Amino acid sequence: MKVSIVVPVYNVSNYLRAFWSYVQKQTFRDFEVVFIDDGSTDDSGSILEDIRANNNKVSVYHKPNGGLSSARNMGIEMAKGEWVAFLDPDDRISPQFIEKLVLMTSDQVDMVECGYTVVDTQGEKLWTSNYEGNGVISSEKALRWIFHPQYYWGGYAWNKLYRLDVLKRNKVFYDTSLKNNEDGEMNVRYLCVAKKKVAYTTDALYFYTQGRPNSITSNSLKDMNKYHSEFLGVIKMCRTVKQARCSFLTVFLAERYAYIVYKRHYKKMKNLGNNDVLVSMGQEINEVVGKMVKMFCFLESIIKLGKL
């Protein structure tokens, strides 16, 4: 089996049959689909059973609700492919999504990623990457692109292929304590243990739906603690690159990114009146970010304001 597509499912009955139709249209055929029903309370579970009954490429697992990370982790355990893709069932994929990513795999590559388009719930395009390019870079350069993007991929999970062996051998699972930024945190840990390179294309092969109701992701985003959770994820990312003894530049960019997120979320949290959390965030950032990076960010903000 070349590719395992892991799909966490929570109350997305309105999207599942359409999602399955996109999977069936894939031009590359050596794949399996591992659906993880994360305690859905709508008809998602029964729809998945209907899909499984007519397709030998499909396996379905039902579990109590544990969140997005918990569902993906179960998918990693159950997957059998050489490569793993993590897709969301309320998004769309190009018919060539798997084929084009697989064509970029090789013995020298541990991750493959592509560009994407953001659409609204009606399928109308909101944003797409306007960049053009393909290439192969080191895993550490890919790390730096998370903290200071060459292309606007961020640390998303759904536009990538990961080696299942690298995930399992290094115990790289999603952090279930995070309700936000779990993708970025996992990607940083993965790239820190990946020994080989990262292949990429800017072709927009994935269509991410923004503003969707009742999905695993949007439920967590509605939580008032999402800013704190994202901040904690960034702190963990920063600590990971330090523990992995990454280069000075990578650590510098990670600290800069953490400090920018801290300053942005500090304002949001202050408006919510969470003083205890603000104190905790201040302590965390002082432990992780050095004075040089703070001064750099200060000068950077002054330059942007045109005061220097």
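Reply: Happy to! Let's start with β1 and β2, which pair in the parallel sense over seven bridges. Two strands pair if DSSP finds at least two bridges between them, and helices (H or I, at least four residues) and strands (E, at least two) are DSSP runs, numbered from the N terminus. This is a predicted model, where local features need pLDDT of at least 70 and side-chain atom pairs count only at pLDDT 80 or more, while totals for chains, interfaces and linings use all residues. Residues are numbered from 1 along each chain as its sequence is written, and side-chain values use heavy atoms, with hydrogens and water left out.

Me: Ok, and what stands opposite P8 in β2?
Reply: That is I36.

Me: How many residues of strand β1 are buried?
Reply: Seven of the seven residues of β1 (residues 3-9) are buried, so the strand is largely enclosed by the rest of the structure. Buried means under 20% relative accessible area, exposed over 50%, and partly exposed in between (1.4 Å probe, protein chains only).

Me: Which way do the side chains of β1 point?
Reply: V3, I5, V7 and V9 point one way, S4, V6 and P8 the other way, and all are buried. In a regular strand, side chains alternate between the two faces of the sheet.

Me: New topic: how many aromatic pairs are there?
Reply: A search of the whole structure finds 19. Rings of Phe, Tyr and Trp (its six-membered ring) pair if their centres lie within 6.5 Å; planes under 30 degrees apart count as stacked, over 60 as edge-to-face and the rest as tilted. One of the pairs is F19 with F35, edge-to-face at 6.3 Å centre to centre and 75° between the planes.

Me: Where do F19 and F35 lie?
Reply: F19 lies in helix α1 (residues 13-24) and F35 in strand β2 (residues 31-38), so the pair ties together parts that are 16 residues apart in sequence. Both F19 and F35 are buried.

Me: Last one: where is E182, and is it buried or exposed?
Reply: E182 is in helix α7.

Me: What is E182 in contact with?
Reply: Leaving aside neighbours within four places in sequence, E182 is in contact (heavy atoms within 4.5 Å) with L68, S69, Y174 and D175.
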